[in-house]
Structure formats: structure tokens, C-alpha cells
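Trainee: I have a model open and would like to go through its packing. Can we take it one element at a time?

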Amino acid sequence: MLEATATAAWHRRLMLGLLLAPALIWLFALIVLPHLDLALLSFRESVAPRQYVPSLTQYRTFFVEPLYWHVFARTAILSAIATALTLLIAFPVAWTIAKLARGRMGALLFVVCLIPFWVSETVRTLGWMILLRESGVLPAFLAHLGVTHGPIELLYHDATILVGLVYTSLLFMVVPLVGSLESLDNSLIEAAYDLGSGGFAILRKIVIPHAAPGITAGCIVVFMLTLGNYLTPTLLGGKNSLWFTEQIYSQFITRFNWEQGAAFGFLLLALSTAMVWFGLKLSGQRFSDVMRRT
Amino acid sequence: MAALSSATGAPPDLEARAVIKRFGAHVAVDNLSFSVARGSFFSILGPSGCGKTTLLRMIAGFIAPDAGDIQIGGRSMAGVAPNRRPVNMVFQHLALFPMMNVGENVAFGLARRGVARAERNRKADAMLERVGLGGASGKRVDELSGGQRQRVAIARSLVLEPTLLLLDEPLGALDLKLREHMKIELKQLQSAFGTTFVYITHDQSEALVLSDHVGVMNRGHFEQLGTPQELYYAPATPFVAAFVGANNRMAGKASAVNGELVDVATSAGWQIRARRHGPVATGAAVEAFVRPEAATIARTSAELAALPGQMVHEGDVESLLFDGANSAVLVRELKSRFEFRIALPQTGRYADLKVGERISFSFDPERAACFAAPSAHA
């Protein structure tokens, strides 16, 4: 009898192990192992061909060379701005889908948000280039209207990078926001209205506190996606984009300095971890609550 | 419609004048006029879909009437937003703010009015004290029981000293025992604060127990507006007779009309006698109502012979509905097979009644109501 229960328990554990195996193998082989290898790489220095010694030189270079940490700070700040802009634009969209649209209208609006993602990011970004380049659609239109004297170059500005990043990130902000706004009981809004609140007080006291986990979740996802984005800043910002992922790319690919690239990679990881932690502290949210919303 | 202004001559706290609200082709509130006197407990009673919620939301200001005017404290509310009205509402599911503690919930409205923090905390604590929740201000909303939440919701509204407190079936979500308890508590709170309460419910017992006046609402208009006693003992329409309190309802034809009394032949072929409410013509379709407690039960017809002017009927006990003081018996009338409900006397004299037993019963025709059957739309 006891044996039978023990066997059953063992079977259950085996079943669980088998079900989790693909995910665990994927996690270990493709994420943990490469990261360990990169960590080792970043803490060594080449003293002669094929000769390496443990060292902190890679990290020292980052702090000594102003270009690197300037680009690093710039990437962080622009990503934060892009996240804030995405939140500002996504909030009314999510509100419309969750609270104002009736029946199938909400689903339809959701699909409208989703449609751009049927096309690959490269194609989407190239689309922006066609619109914005000097010989493109928008400059020609502006010149035709007489807003500008002739076609102007709209690509390769920081604002252009932000436009591209916000566009790419919008859906990832809208989804968690819709989820958290849909769960907000309308009678809470009415109760606040009834008790004398105006629109702004309702937003500040009822809607935002309720949606805080969704807002934080959306911001974390968008910030990470933006920080680690390579394609959009490179294509829309051109040579001036100075995005930190480009520095990593050029260390690995152009300069073949894997040690330096690995160190940069870890610095970026540290940055996103720190920003997420800071964001959670600032909004008073718990990581587990937020992750349940994503 | 009856004016209910108090004798003091003060303007009524709530007055509706020919209020109409349509949703597409559906008329939710149909040309409704009434007034509610200061300090009274007024209930709007009706089945779901009768328009009572629409009416309440118009008073609160969440929707605007298509026509007519709503006045609160003698002031027209046309174009006044909910947050500017001297009205507060207790929502059906209370709508306490889960992101705030009890004290913050109660102080919420005061904060919106710009009352200083120390002052609003003092007021909120005093209000919680008055509703019997002293010291609970630091608690989270989900730490409270259903009844306590109810009191927080009322405190949150009353702390703003509204002219009118609207209550949207707030007892609906509570279990039966608590509901009975909260009924009494609501009544006591209302008389302690003296605030005018407008209460909507589909539960006739709530309306009867709590209210000074009740408007029975059906299809967007009031069928009757009066005290609970008037509704119960002198229903104005068949709808009120059927909706308020338990009633035996019999449809049939008026076979003879003798002054106030009508002989009714029910469609199942049973002869009864009932008092006329409104004009009834011989041969017309009628509806008769007899309250279970208006009927007297006896083991032999001889016991009932002493009651003058009453027809004696016979039947078999179909089922016994024991409920303490509210016990009743369902009797299958012998000729028509009509199922008739009779309240058992509280003496316990018929406690040994058995299913299948042959009994006699009668009722005073003065206490049975006969209405001309409502025309085809019913």
C-alpha cells in the first residue's frame, strides 16, 4: 500500500519533470550557459595572441573612455523618454478599448493595434524610412503645403528614433494596460464621481492606483525592449544614433573584441535590472504582482 | 400623484416633475412625478427592468432625463454633474475603494472638497464611531465583514451631509440572516441621522419594513404610491396586489355585482366573493386576490358556520409549509383543483395537520380584492 503511493508520487514527479524538460533545457542551454561564458569572457584580457589573464580592464575602459558611458547614459535616457511617451499614447488607447468600446468594437480596435506586427520589424522600419527620408513622402508633403521651403531630412534625428521606438513598443504597453483597466469596476469610478471628484482626481486616486501593476508591467517590458533594440535606432538614427547595442555589436563584429563586447553586454543587463528595480521601488509595486499582469 | 410634503412647509428634498427617459424605443421612465418629504425614508419597489435603476441614476446625475425636471432641496438639477449634486449614493456592490483603507474611504469625499487632513480625519473617525465602527479606520476594506462594509459605504456618503442618500439595492449581495439584521440597522441609521433616504429594491419585504412611503414601479410608472400599510391592505392595482406581500391570485369573470361585493366565477369554475376595487361590470373579466392570512382554516365546515356572510370552501391539504410563525398550508380546492395558500394560526392548533387531509376554509369577502382585469397589454 505504502509502496503503491510512493510509486504514484514518483510517477507524478517524473511526469512533471518531463513536462518541464524542454523549458528547462532551453533555459539552461541557451540562456544560462552563454551568459556564464560571456561573464567569464568579460573578466579577462588578452595579453598576447591566445594568451589571456583575469582582469577588470574591460570594465575600466567603459568608465575611462567618455564615448562609451555617454552612449550608455544617452541610451538609458532616450529609452526612459520612449517608455514615458509610449505610456502617454497607449493609455488613452487602452482606456478606449477597455472602457468605451462596446462589444466587438473593442476587439476590432485591438486588432488594429496588432496589425503592424504582422509585418517584420525590418519592413516596418524601412516603411518609416520611405516616409521620412529627404526624398520621401512626408518631407515632400510638407514642402508642398509650404510648411518648409524645400524637402528636409526627417531621418537621423533623436526624435525620429523616438517615433520608431514608440511605434514598435505601443502594443506591449496597450496589452497590460487593457488588462488592468478592464478589471477596474466602473462603479468605483461612478462612486468617486458621486463623492465629488472631477476627472483628474478620479484618474489620480482611482484609475492609476488600480492600474499601477499594469502600468509598471508595460513600462518594464517597453523599457527593456527599447534598451535592447538594435534595428530601429540603427536604421532611423543612422550613424548618429549612438545606441549602446551598436557599441556592443561593433565590439563583437567589427573590432572582434569579444571581451569588451561581453563587458558591455553585462553593463546593459545591470542597467536594465537597476532601472526595473528603481521603477518598482518608485511605484511601490511588487515584482510578482507585476509579472502576473504581463 | 400624491404629494408627500411634510406639514412644516419646507420644500420636499426630492421632487420629480414629469420625468421621461427613453432608451431607443423602450421607455424606461414614463412621465413620472413624485416628491419625497425631508427626513423620510422613501422606497421605490419594482421588478427588475421596471426602470427603478434608471430613475435612481437620473437622481444621482449619471444620466440625464429626456424630459421633465428633477429638483433636490428645491433646486433644479438640470445640467448639474454628479460631483456637484447634494446627493450621495450607496452602490449595489458598495464600490468601496480597495486601494484605500477604511478611514481614507470615508474621508475621500471630504478630501475632494478640500477639507484639511486633520479635520477630515477627525470627521471620518467621528462618522465611523457613529456607525459603530470606531477604531476601524486603519483597516483594509477586505478585512471587514459584509455588514461592516455596508456601514462604511453609508458612512462614506453621510459624512458629506447630503440632502439625499440614494441606496441601490445595497442588501442584495448579503446572505439572508445578515440582510434581516441590516434592514433594522438601516432603519435605525436613517432615524438617527434624519437624512432623507431614497432606497430602491425589488424585495417587497425590505420596502415594507424600512419605508415611510413606497412607490411601486412597473413599466416606468408608479402603480401606487403610499405607506406600506396602504400598499398591503388597499392595493390600487392588480400589479400591486400581486407584487406586495403573498397573495392568492384568481382570474375569472364577475358573475354578479352587488354594490361593493362581486361574485367571481374563476376560470377553473370556482365561486368566490370579493370586495370591488374600482369599477367592475357584470360579466367582465376580473382578477381576485385573497391574502393567505385572510383565510380561516377548520377541520369541519360546522366550525366556520359561525362566520356570517362567508362562503365555506373545501379542499385537501396539498403540502405543509412549516416556517415557524409564517407557516402556511397549500390547499387543493375540491371542485376547481385551484391551489390556495392559507396561513396557519400561530397558536399551533393545526400543527398536526397531514398532507391529504380534507379541511374546510373560508375568507371574509371584505378582505378579498377584486379588480377589473388589466387590458391586453398585461
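Predicted model: local features only at pLDDT ≥ 70, side-chain atom pairs only at ≥ 80, totals over all residues.

Trainee: In what sense do strand 11 and strand 14 of chain B pair, and over how many bridges?
Mentor: Strand 11 of chain B covers residues 248-258, and strand 14 of chain B covers residues 285-290. Their pairing is antiparallel, over 6 bridges.

Trainee: What order do the strands of the closed barrel in chain B follow?
Mentor: The barrel has 5 strands with mixed pairing. Neighbouring strands are turned against each other by 50° on average, direction ignored. The order is 11-12-13-20-14.

Trainee: Is helix 4 of chain B roughly parallel or roughly antiparallel to helix 5 of chain B?
Mentor: The two helices, residues 146-158 and 176-193 of chain B, have axes 11 Å apart. They pack at an angle of about 25°. Angles under 35 degrees count as roughly parallel, so helix 4 of chain B is, relative to helix 5 of chain B, roughly parallel.

Trainee: Which residues of helix 5 of chain B make the contact with helix 4 of chain B?
Mentor: Helix 4 of chain B contributes Gly146(B), Gly147(B), Gln150(B), Ile154(B) and Leu158(B). The contact has 6 nonpolar, 4 polar and no charged residues. From helix 5 of chain B come Leu178(B), His181(B), Met182(B), Leu189(B) and Phe193(B).

Trainee: What in chain B covers the buried residues of helix 8 of chain A?
Mentor: Those buried residues are Leu188(A), Ala191(A), Ala192(A), Tyr193(A) and Asp194(A). Their cover includes helix 9 of chain A. From chain B, the cover includes helix 1 (52-60) and strand 6 (87-90).

Technical notes
Residues numbered from 1 in each chain as written. Chains lettered and ligands numbered in written order. Axes fitted to C-alpha atoms, helices over the stretch in contact; angles between N-to-C directions. Helix = DSSP H or I, 4+ residues; strand = E, 2+ residues; numbered from the N terminus. Parallel < 35°, antiparallel > 145°, perpendicular 65-115°, else oblique. Contact = placed C-beta atoms within 7 Å. Nonpolar A, V, L, I, M, F, W, Y, C, P; charged D, E, K, R; others polar. Pairing = 2+ DSSP bridges. Buried ≥ 20, exposed ≤ 12 C-beta atoms within 10 Å, placed from the backbone.
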